[in-house]
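Reader: I am new to reading protein structures and would like to know where the labels come from. Could you show me the one we are going to talk about?

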Amino acid sequence: MWGELEQLGRAGTGGYRRYAWTPEDARLREWFAGQSAARGLDLVQDRAGNQWAWWGDPDADGPGVAVGSHLDSVPDGGAFDGPLGVVSALAAVDALRESGVRPTKPLAVVHFGDEEGARFGIACAGSRLLTGALDADRARGLTDGDGVRMAEAMAAAGLDVSHVGRDDETLRRIDSFVELHVEQGRAMVDMDAPVAVGSAIRPHGRWRYELPGEANHAGTTLLADRRDPMLAMAAVVLAARAAAVRHDTVATCGKLRVEPNGVNAIPSRVTGWLDARGPVPEGVLATVADVTAAVEEHGGRVEQESWTGVTRFDADLAAELAGLLGGVPVLDTGAGHDAGILSAAGVRTAMLFVRNPTGVSHSPLEHAEPDDCEAGVRALSTVLASLVG
Ligand code: GLV
Ligand code: MN
Ligand code: MN
Ligand code: MN
């Protein structure tokens, strides 16, 4: 199952470029539909375009349990962030069937779309649309780097755009959700733990800032006559780093748009994106306030694109699952997940993490050893057997 998936959306860099509502995304959806059909599961697509493969009838016998993750990637992302959770969910269904478990509740494997927000900017767009955390009109109007609106991209992929939005019918079908994910840091390496249970997601958000300038000739414009927004951008990046140190947060300036983007022209405008996260919301917001001051000092402006406060997964369920798995560690994380969005919407939610020996993620260096992946599937099967058995 992993072999075919490994080829989809792979770039020459060795990383993956799997963006929402592209031909690569369509192939990932076909792959998921094929896996669902091969298992005789009933495939339904919700109003946000997320795919649900049901074992059992959620309308007659629900609400049921959902298990899954996403298949899209960041630019040049790793193989495991997202796909490990979907593949492990399918493998856990196989394991439950092989061991003769007859679920007392319906069980769905879910493939959430557009988790990374790499194309339209909003992370977890599929689960946010499903729960109503992302307004449908706002989503339809989001544009990618080429000016294509999300509504156009969805329509081109065959989704009924007028119907996109909070999907109560789907939400009524589930009472719990479990997401298995590769760890995106080093905590489990340091603890020598192949599997862990998630406790919380730290607050995080994305902001866009624009710095104005004046285009002019690179060879003839005196330094004194320039209005070069790239200098302002450099100051803003350094301000973000200093603010993160000051407020005990992390701040990343990972994406820029330079206009007109010519090697021999002073830019007319630079747009940058800030990703800021931390243990407490106050620290993150103080970081953003400092960056905003630096942007405004250079005549620019800042707009918030998304904000997710602290997410705490069901503490009783986390403790129960950690016990069930023989006392594995319980950890929080600085990475966002669809599980956080479902938890915030009131779904009883749990996460499992699988060790990543490199500690690196959002990069082709992300890794998980086969033995640890198998331990993850065993843990997920145990958890699902207890939730539906
Ligand atoms: C998702 O991986 C995120 O936390 O950015
Ligand atoms: Mn990710
Ligand atoms: Mn992920
Ligand atoms: Mn010339």
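Reader: Why is H362 called buried?

Author: Let's count together: H362 has 20 C-beta neighbours inside 10 Å. A residue is buried if 20 or more other C-beta atoms lie within 10 Å of its own, so H362 counts as buried. Please keep in mind that this is a predicted model.

Reader: And why is D76 called partly exposed?

Author: D76 has 15 C-beta neighbours inside 10 Å. Buried would need 20 or more, and exposed would need 12 or fewer; D76 therefore counts as partly exposed.

Reader: Which residues does a cis peptide bond join at P63, and where is P63?

Author: The cis bond joins G62 and P63, with omega about 0 degrees. P63 sits in the loop between helix 3 (58-61) and strand 3 (64-70). Another cis peptide bond links E259 and P260, again with omega about 0 degrees. For P260, look in the loop between strand 9 and strand 10 (265-266). Most peptide bonds are trans.

Reader: How do you know that strand 7 and strand 11 pair?

Author: Two strands pair if there are at least two bridges between them. Strand 7 (residues 204-212) and strand 11 (residues 269-277) have 9 bridges, in the antiparallel sense, so they meet that cut-off. Y209 stands opposite G272 in strand 11.

Reader: What makes strand 9 and strand 12 edge strands?

Author: The open sheet has 4 strands in the order 9-11-7-12, with antiparallel pairing. Strand 9 (250-259) and strand 12 (301-308) each pair on one side only, and they are the edge strands.

Reader: Why does the shell around ligand 1 have 2 nonpolar, 1 polar and 1 charged residues?

Author: Ligand 1 is surrounded by E116, A123, A335 and G336. Ala counts as nonpolar, Glu as charged and Gly as polar, so the shell has 2 nonpolar, 1 polar and 1 charged residues.

Terms used
Residues numbered from 1 in each chain as written. Chains lettered and ligands numbered in written order. Predicted model: local features only at pLDDT ≥ 70, side-chain atom pairs only at ≥ 80, totals over all residues. Near = placed C-beta within 6 Å. Helix = DSSP H or I, 4+ residues; strand = E, 2+ residues; numbered from the N terminus.
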